[in-house]
Amino acid sequence: MMAAVFYWGMVLTQLMLAGAMGIAVWRVITGPRAQDRILGMDTLYQAGMLQIIAFGVRTGSDLYFYAALIIGMLGFASTVAMAKFLMRGEVIE
């Protein structure tokens, strides 16, 4: 009984994260300003990272957690770089 609840809860979680990723892609494509597109990309990488973590919990493999950690670090650095580029016009001073 509990295994079925866990399984369907993880499936529902992954479906909701896929929906969040779809909405983030829509924001990246249709965002009227560059700031909206950057926030959409930030949301997209976060939802993707959580999707990988949910898949790792569902399969019981540790490898997915390391991949999610790397995605989180790279996504944060890219968001900061894009925001700095919008503010100053250059990333490296």
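A: A residue counts as buried under 20% relative accessible area, as exposed over 50%, and as partly exposed in between. The model discussed here is predicted. By that cut-off W8, at 56% relative accessibility, is exposed, whereas Y7, at 38%, is partly exposed.

The structure contains two aromatic pairs. Y7 and W8 make up one of them, with ring centres 5.1 Å apart and 80° between the planes, an edge-to-face arrangement. The other joins F55 and Y64: their ring centres lie 5.0 Å apart and their planes stand at 85°, so this pair is also edge-to-face. F55 has a relative accessible area of 33% and is therefore partly exposed; Y64, at 30%, is partly exposed as well.

The protein has three helices and zero strands, and its pattern along the sequence reads α-α-α. Its radius of gyration is 16 Å, well over the 12 Å that the globule rule gives for 93 residues, so the protein is more spread out than a compact globule. The C-alpha trace spans about 55 × 25 × 10 Å along its principal axes.

Helix α1 covers residues 2-30 and includes T30. The side chain of T30 reaches the backbone oxygen of W26 at 2.7 Å, and T30 is partly exposed, because its relative accessibility is 40%. From T30 to I70 the separation is 40 residues in sequence and 28 Å in space, C-alpha to C-alpha.

Helix α3 runs over residues 63-88. From first C-alpha to last, its 26 residues reach 38 Å, close to the 38 Å expected at 1.5 Å a residue. Its buried residues include A68, G72, G75 and T79. An α-helix has 3.6 residues a turn, so residues three or four places apart point the same way. The buried residues of α3 pack against α2, which comprises residues 34-59. After α3 comes G89, with a positive phi near 85°.

For the protein as a whole, 23% of the 93 residues count as buried. Among contacts between residues at least 6 apart in sequence, 51% join residues at least 24 apart.

Key:
Residues are numbered from 1 along each chain as its sequence is written. This is a predicted model: local features need pLDDT of at least 70, side-chain atom pairs count only at pLDDT 80 or more; totals for chains, interfaces and linings use all residues. Side-chain values use heavy atoms; hydrogens and water are left out. Helices (H or I, at least four residues) and strands (E, at least two) are DSSP runs, numbered from the N terminus. The expected span of a helix is 1.5 Å times one less than its number of residues. Buried means under 20% relative accessible area, exposed over 50%, partly exposed in between (1.4 Å probe, protein chains only). Contact means heavy atoms within 4.5 Å. Rings of Phe, Tyr and Trp (its six-membered ring) pair if their centres lie within 6.5 Å; planes under 30 degrees apart count as stacked, over 60 as edge-to-face and the rest as tilted. A polar contact is a pair of N or O atoms within 3.5 Å; within protein, one must be able to donate a hydrogen and the other to accept it, and residues adjacent in sequence count only if both atoms are side-chain atoms. The radius of gyration is taken over C-alpha atoms; the globule rule is 2.2 Å times the number of residues to the power 0.38.
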